[in-house]
Amino acid sequence: MSDFKGKCHCGNVTFTGSLTGDMNGYLSRACDCDFCLPQGISYVSDPLGIWRIVIQDQSLLGKYRQG
């Protein structure tokens, strides 16, 4: 199992996650949408993985619609 954590720039949103396998065993895939492509963003999938997202102050969130 591989655990990881992160946060947004201001720290209002934090997350932790666990993948069921070793992190090196996953093949990352590049997203080709207009937002992710310039950023070089990639992702992995794990249907049995776990995400926990914590929002400190929901009033600081904005809405974003992609696509």
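Q: Is Leu-37 buried or exposed?
A: Leu-37 is exposed, at a relative accessible area of 56%. Exposed means over 50%, buried under 20%, and partly exposed in between, with a 1.4 Å probe and protein chains only.

Q: What kind of model is this, and how are residues numbered?
A: It is a predicted model: local features need pLDDT of at least 70, side-chain atom pairs count only at pLDDT 80 or more, and totals for chains, interfaces and linings use all residues. Residues are numbered from 1 along each chain as its sequence is written, and side-chain values use heavy atoms, with hydrogens and water left out.

Q: Back to Leu-37. Where does it lie?
A: Leu-37 lies in helix α1, residues 36-39. Helices (H or I, at least four residues) and strands (E, at least two) are DSSP runs, numbered from the N terminus.

Q: What is Leu-37 in contact with, neighbours within four places aside?
A: Cys-31 and Asp-32. Contact means heavy atoms within 4.5 Å.

Q: How many helices and strands in the protein?
A: One helix and five strands. Along the sequence the pattern reads β-β-β-α-β-β.

Q: Why call it more spread out than a compact globule?
A: The radius of gyration is 14 Å, well over the 11 Å that the globule rule gives for 67 residues, so the protein is more spread out than a compact globule. That radius is taken over C-alpha atoms, and the rule is 2.2 Å times the number of residues to the power 0.38.

Q: What box do the C-alpha atoms fill?
A: Roughly 40 × 30 × 20 Å, taken along the principal axes.

Q: What share of the residues is buried?
A: Buried residues make up 12% of the 67.

Q: And the accessible surface, what does it come to?
A: About 5,900 Å², with 54% belonging to carbon and sulfur atoms. Areas come from the Shrake-Rupley method with a 1.4 Å probe; for residues, only the protein chains shown count as cover.

Q: Switching to aromatics. How many pairs?
A: Three aromatic pairs. Rings of Phe, Tyr and Trp (its six-membered ring) pair if their centres lie within 6.5 Å; planes under 30 degrees apart count as stacked, over 60 as edge-to-face and the rest as tilted.

Q: Why does the pair of Phe-4 and Phe-15 count as it does?
A: Their ring centres are 6.5 Å apart and the planes stand at 65 degrees, so the pair is edge-to-face. Phe-4 sits in strand β1 (residues 2-7) and Phe-15 in strand β2 (residues 13-19), 11 residues apart.

Q: How exposed are those two?
A: Phe-4 is partly exposed at 24% relative accessible area. Phe-15 is also partly exposed, at 26%.

Q: What about Phe-4 and Trp-51?
A: Those two form an edge-to-face pair, 5.5 Å centre to centre with 80 degrees between the planes. The pair links distant parts of the chain: Trp-51 is in strand β5 (residues 50-55), 47 residues from Phe-4. Trp-51 counts as exposed, at 57% relative accessibility.

Q: Which residues do ring pairs link into a cluster?
A: Phe-4, Phe-15 and Trp-51.

Q: New topic: where is Ala-30?
A: Ala-30 is in strand β3, residues 29-30. Its relative accessible area is 64%, which is exposed.

Q: What does Ala-30 contact, neighbours within four places aside?
A: Ile-41, Ser-42 and Tyr-43.
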